[in-house]
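The report below is meant to be read with the sequence and the coordinates open side by side.

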Protein chains: 2
Amino acid sequence: MAHDCSFLEGLTLEADQYSFECGRREAHATDWGTQDEDAPTVPDAVVWPESTADVAAVLEAATEQGVPVTPYAAGTGLEGNAVPAEGGISLDLTRMNDVRDYRPEDFQIDVGPGIIGSAVDEYVADDGLFFPPLPSSGDISTIGGMIATDASGMQTVKYGEVADWVLALEAVLADGTVVRTGSRAIKTSSGYNLTELLIGSEGTLAVVTEATLALAGRPQQVRGGRAIFETLDAAAAAIADALQTEIDVARIELVDELSARIANEYLGSDLPDAPMVFLEFHANHGIEEEIGLCRTIFSDYALERFEVSDDDAEMDRLWEARRELAYATRSYDPDRETLHPGDVTVPISGYPDIVREAKRVADEYDVTIPCFGHAGDGNLHYTVLANPTDPDELARGERAYREIVELAIEMGGTATGEHGIGQGKQAYLEPEHGAGGVDMMRRIKAALDPTGTLNPGKIFPDDDEP
Amino acid sequence: MAHDCSFLEGLTLEADQYSFECGRREAHATDWGTQDEDAPTVPDAVVWPESTADVAAVLEAATEQGVPVTPYAAGTGLEGNAVPAEGGISLDLTRMNDVRDYRPEDFQIDVGPGIIGSAVDEYVADDGLFFPPLPSSGDISTIGGMIATDASGMQTVKYGEVADWVLALEAVLADGTVVRTGSRAIKTSSGYNLTELLIGSEGTLAVVTEATLALAGRPQQVRGGRAIFETLDAAAAAIADALQTEIDVARIELVDELSARIANEYLGSDLPDAPMVFLEFHANHGIEEEIGLCRTIFSDYALERFEVSDDDAEMDRLWEARRELAYATRSYDPDRETLHPGDVTVPISGYPDIVREAKRVADEYDVTIPCFGHAGDGNLHYTVLANPTDPDELARGERAYREIVELAIEMGGTATGEHGIGQGKQAYLEPEHGAGGVDMMRRIKAALDPTGTLNPGKIFPDDDEP
């Protein structure tokens, strides 16, 4: 489905702002969730806008020409969110990475969508501020991408998700209309909440060209550590209990015994291959009491070891297994590949159940599924590993993957806690939201992008409509 | 514009579920913001649904018959949000006030939209839980009304707004379609955020029939008190400084000298007619350090008195002037009425400016404008009082009112922090959001309610469209 993008030459773009060159197009065909065996759709052109006016000009012309436009930035999405499923233009926003305005007196910063998350933190560090909801990929992912999927991360348990820290947006609709949503007031009830509608819409409704982010002051006390449990059940139950007791924790990450083994092997560590919980506490007062209460609760659940430190180097050491886990998993088994990455999220009381069910499913289908997650949100990342040359194992892996998502939805949870629907989770949109909810989403899509220009083939399982 | 509502007799409603009787219709014609001189539009019928099926049946039939439907509950809105501007049916949701499910282990409760806010708090009190974002009218306003305007209140500075505590909704669209939005997971990025779109949409997109609310645990330490300043400038600057220092305060309310005088006269109090700041602190650790830090900051700003207590009766006494302010203002000047209630909200660094400007405007137009507000949010309630028999004073009052809203928008703030647009703030929708933003809202309205059945005459300044 090649689209003629020669109209780009008629716009006021500089020569280095667009390309039809094969290598550059191929570099925009995939994201982190794309597997080797996928045959990715390569965009027909790549455009690097440098201003809101550039974005508006490209979108207006593309809509007129019937050419799809898929926003792209770091390409770190897991669900194919930024993959140009129907070809057309890959709109690479990484050059719009500037700080537009910074108002530390209001804890606010205005940035372009292409800025890397950690660059925001660096920019505001001297004032003791930070952007709390960065995902684990915050040092390579862009703010625009985080807004597109309403990202979250390890600190969401204490500070909330990206949507909680975005006050206002500038965005361009498919027809080239520039809109501003929200305000600099931290509370408003003026009209429909367009900001929240755009956040998490994966670039299917508009292209975000500027974001006003809220910032927080760094806590005066930080402690980090690790708990090791005898069984996974005990670890998950301890976490649920701690959260139900409202322990004030800034990070609480579960790692199952298989993931622990993967990390231990990768690091050559002498830790037991046992379920681990990684912890970080932030406070201005009373952090030791909070840590003590957490230890007391954890002690009721087959706790083997509980270590917390206030020393930076020691905290780093205690967290090493968690930090290296993504890399370790990738190189764990040369015969097996990640079938699908991604996550599910459930109410906290169901966390022990979903963790147990994930292991049961792995046993039942005889596939390898290391699990970890932002446990404080009820979030579980489960990575189905399968041998790509073994059709039977692949099929079992697919069934295992599906069953865990379906269980999460049955438990009142969600098919995707923080990576969006993209291409990977489309089959679960209707089971989660019902036909009425999906129809409501489709109506909104059709109202704001009637030609279906923006990121077609995403979120909705069947793109005949809108 | 009378509408024939006789079709109601053909639905499966019980005889006591609808009425064409004059007194009952008139009781649904106004809200708290309606002034005596207004000639309110009386609905043609009142319906009291008792189930989601009732709501769906009424909406489907009304849409078919071209009859407007305006959701109604406690009638405590300030901007005419629930007033049936074009007649038709007033859909009174107060009978749908039940608790549907309660999951303390997840800090969640499912309620009907007609439940009173404080009834939720009472229901969960034995488990040490509460619903933090209740507005000041929480003991008479309904959860459905709070969702309709995305209400907030005194504790929003610490805990956030209503939208931050609503996880999922059941709602009925104008055509009778029942939709479920959100999930019980505290974090999701599955599809468009329909929950946030409906919150604050004032019943113009759908009628909420059930809400899943999040709850918090009550803090272990509570302290309440009051600071008195020599000047309003000093009080506002002290508040901004305290917030910029990230004092962990649960309530921080500014009351200007005129409001203080009104309250003092009403209560026969011997307090000075001086600007006051009412404070409440919630914490599990270190509350005394936080209060001490607040006192130190306040001391830099012409502080006259700073009193904080941990005794319930004493806290009540210290807060008396703030608590009685709404009643006191209503009966303050027998010759003058409230021209408009309502609020504006600005970024915190602009708070001293908007407070100063409000007083300047009052002087310039020679009208009485007592001010108070949820200062921690940058929120200012300013009540223009005017003599209804004096056309010149009325005109000056209108100009003063407008000028303060315009100033707030210029400062990057919002025309309405917590009461919605309704009828009262329609003129400011486009100045705040621009033509593009308003057009985007209109497109959404037209997509979800193409016949314009739901709450017509609200939010949008001109109802020729959607």
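What follows describes a predicted model, beginning with the two chains and ending with single residues.

## How the two chains are related

Chain A can be laid on chain B by a turn of 180 degrees with a shift of 0.0 Å along the axis, and the RMSD of this superposition is 0.0 Å. That is the relation of a two-fold axis. The same surface serves both copies, since 100% of the contact residues of chain A recur in chain B.

## The interface between chain A and chain B

In the contact between the chains, 75 residues of chain A meet 75 residues of chain B. The area buried between chain A and chain B is about 6,000 Å², and carbon and sulfur atoms give 57% of that area. Three residues, A:Lys187, A:Tyr192 and A:Met440, supply 16% of the area that chain A buries against chain B, which is more than any other three residues.

Across this interface the rule finds four salt bridges, and it also finds 42 residue pairs in polar contact, counting pairs in which both residues have a pLDDT of 80 or more. Several elements of chain A each supply at least two residues of the side that touches chain B, namely strand 9 (178-182), helix 6 (194-198), strand 11 (216-217), helix 7 (232-244), helix 9 (287-299) and helix 15 (429-448). Helix 15 of chain A gives the most to this side, with 12 residues. By class, the side of chain A that touches chain B has 27 nonpolar, 29 polar and 19 charged residues. A salt bridge also joins B:Lys187 to A:Asp150, with the closest N and O atoms 3.8 Å apart.

## Salt bridges within the chains

A search of the whole structure finds 63 salt bridges over all chains. In chain A, the side chains of A:Arg103 and A:Asp101 meet in a salt bridge of 2.7 Å, N to O; A:Arg103 counts as buried at 6% relative accessibility, whereas A:Asp101 is partly exposed, with a relative accessible area of 29%. A second pair is formed by A:Asp233 and A:Arg356, whose closest N and O atoms are 3.3 Å apart. A:Asp233 counts as partly exposed at 39% relative accessibility, and A:Arg356 counts as partly exposed at 39%. Chain A also holds a network of salt bridges that links A:Asp98, A:Arg100, A:Glu170, A:Arg180 and A:Glu210.

In chain B, B:Arg336 forms a salt bridge with B:Glu393, and the closest N and O atoms are 2.6 Å apart. This pair links distant parts of the chain, with B:Arg336 in the loop between helix 11 (325-330) and strand 16 (337-340) of chain B and B:Glu393 in helix 13 (residues 391-410) of chain B, 57 residues apart. B:Arg336 is partly exposed, with a relative accessible area of 25%, while B:Glu393 is buried, with a relative accessible area of 6%.

## A buried asparagine in chain B

B:Asn379 is found in strand 19 (residues 379-382) of chain B, and it is buried, because its relative accessible area of 1% falls under 20%. Its side chain is joined to that of B:Asp343 by a polar contact of 2.8 Å and to that of B:His381 by a polar contact of 3.0 Å. Leaving aside residues up to four places away in sequence, B:Asn379 touches B:Asp343, B:Val344, B:Thr345, B:Tyr351, B:Gly373, B:His374 and B:Glu418.

A:Ala234 has its place in helix 7 of chain A and is buried, with a relative accessible area of 9%. Not counting residues up to four places away in sequence, A:Ala234 touches A:Phe229, A:Tyr301 and A:Ala302. From A:Ala234 to A:Glu418 the separation is 184 residues in sequence and 26 Å in space, C-alpha to C-alpha.

Phi of A:Glu246 is near 60 degrees, a positive value in a residue other than glycine. A:Glu246 lies in the loop between helix 7 and strand 13 (251-255) of chain A and counts as partly exposed at 35% relative accessibility. In chain B, B:Ala302 has a positive phi of about 50 degrees although it is not a glycine. B:Ala302 is placed in the loop between helix 9 (287-299) and strand 15 (303-309) of chain B, and at 32% relative accessibility it counts as partly exposed.

Terms used
Residues numbered from 1 in each chain as written. Chains lettered and ligands numbered in written order. Predicted model: local features only at pLDDT ≥ 70, side-chain atom pairs only at ≥ 80, totals over all residues. Heavy atoms only, no water. Helix = DSSP H or I, 4+ residues; strand = E, 2+ residues; numbered from the N terminus. Buried < 20%, exposed > 50% of the residue type's maximum accessible area, 1.4 Å probe, protein only. Polar contact = N/O pair within 3.5 Å; in protein donor to acceptor, adjacent residues only side chain to side chain. Contact = heavy atoms within 4.5 Å. Least-squares fit on C-alpha atoms with pLDDT ≥ 70 in both. Buried area = accessible area lost by both parts, 1.4 Å probe. Nonpolar A, V, L, I, M, F, W, Y, C, P; charged D, E, K, R; others polar.
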